[in-house]
Amino acid sequence: MRTLLALTGLLALVVSPAHAAGGFKARGFFLPDGAVKVDEDRYRLPQAWEDAVKFYRATYPPAKFPRHTLRNQSGVRAMHIGNPSPAEWEGANLYETSRGEVRVFVMGKPEKTEEPPPPMPPRKAEQPRPRKSGNP
């Protein structure tokens with residue numbers, strides 16, 4: 001029985017995205033070990049492009065996290081990973097710079113700002129009813 005429980009626990013660790021990610025989180029988005037923050041919500045990854053794509057394919061399966069290729073601008077490879085579930089991050093852009101660095105930009109969910117209610121239209125002043133014709 002203990003062996004079965006230990007095996008089940010080990011399997012859960014191997015399959016979980018947290019184990020696959022290894023590194024740390026930024027806005028709830030997993031970053032691999034060795035990632036370095038370069039700006040607000042921007043990180044440089046230690047892997048090459050192909051390795052980073054493999055890492056994120058294992059961490060965020062394409063069936064659950066839709067992705068699409070971003071426009072190729074002067075030879076820069078880029079991909080967007082969307083997050084359909086309500087979490088801290090809305091999406092992430094994975095891209096390779098012209099110098100060969102792989103970076104990630106994590107997009108947080110837009111914060112809901114309370115909008116003031118629309119102004120009430122001014123009330124019409126009470127006007128006397130018109131008299132019926134024929135009455136003095």
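How many bridges pair β5 and β6, and in which sense? Three bridges pair them, in the antiparallel sense. The points below set this pairing in the context of the predicted model.

1. **Basis of the model.** This is a predicted model, in which local features need pLDDT of at least 70 and side-chain atom pairs count only at pLDDT 80 or more, while totals for chains, interfaces and linings use all residues. Residues are numbered from 1 along each chain as its sequence is written, and side-chain values use heavy atoms, with hydrogens and water left out.

2. **Confidence.** The average pLDDT (the predictor's confidence in each residue, from 0 to 100) is 78 for the protein, and 74% of the residues score at least 70. Confidence is highest in strand β4 (residues 42-45), at a mean of 95, and lowest in helix α1 (residues 2-15), at 41. Over residues 2-21 the pLDDT is below 50, and this stretch has 13 contacts in the model beyond near neighbours in sequence; a contact means heavy atoms within 4.5 Å. Where pLDDT is low, the predicted coordinates should not be read in detail.

3. **Sheet.** Helices (H or I, at least four residues) and strands (E, at least two) are DSSP runs, numbered from the N terminus. Six strands make an open sheet with antiparallel pairing, in the order β3-β4-β8-β7-β6-β5; two strands pair if DSSP finds at least two bridges between them. β3 (36-39) and β5 (67-69) are the edge strands, each pairing on one side only. Neighbouring strands of the sheet are turned by 25° against each other on average, direction ignored. Axes are lines fitted to C-alpha atoms, for helices over the stretch in contact, and angles run from 0 to 180 degrees between N-to-C directions.

4. **Strand β6.** Five of the five residues of β6 are buried, so this strand is largely enclosed by the rest of the structure; buried means under 20% relative accessible area, exposed over 50% and partly exposed in between (1.4 Å probe, protein chains only). Ala78, His80 and Gly82 point one way from β6, and Met79 and Ile81 the other way. Five bridges join β6 to β7, antiparallel, and the two strands form a hairpin with six residues between them. Within this pairing, Ala78 stands opposite Tyr95 in β7.

5. **His80.** This residue of β6 (residues 78-82) is buried, with a relative accessible area of 17%. His80 is the bridge partner of His68. The side chain of His80 also makes a polar contact with that of Asn93, at 2.8 Å; such a contact is a pair of N or O atoms within 3.5 Å, where within protein one must be able to donate a hydrogen and the other to accept it, and residues adjacent in sequence count only if both atoms are side-chain atoms.

6. Thr59, in α3, is buried at a relative accessible area of 2%, and its side chain reaches the backbone oxygen of Phe55 at 2.8 Å.
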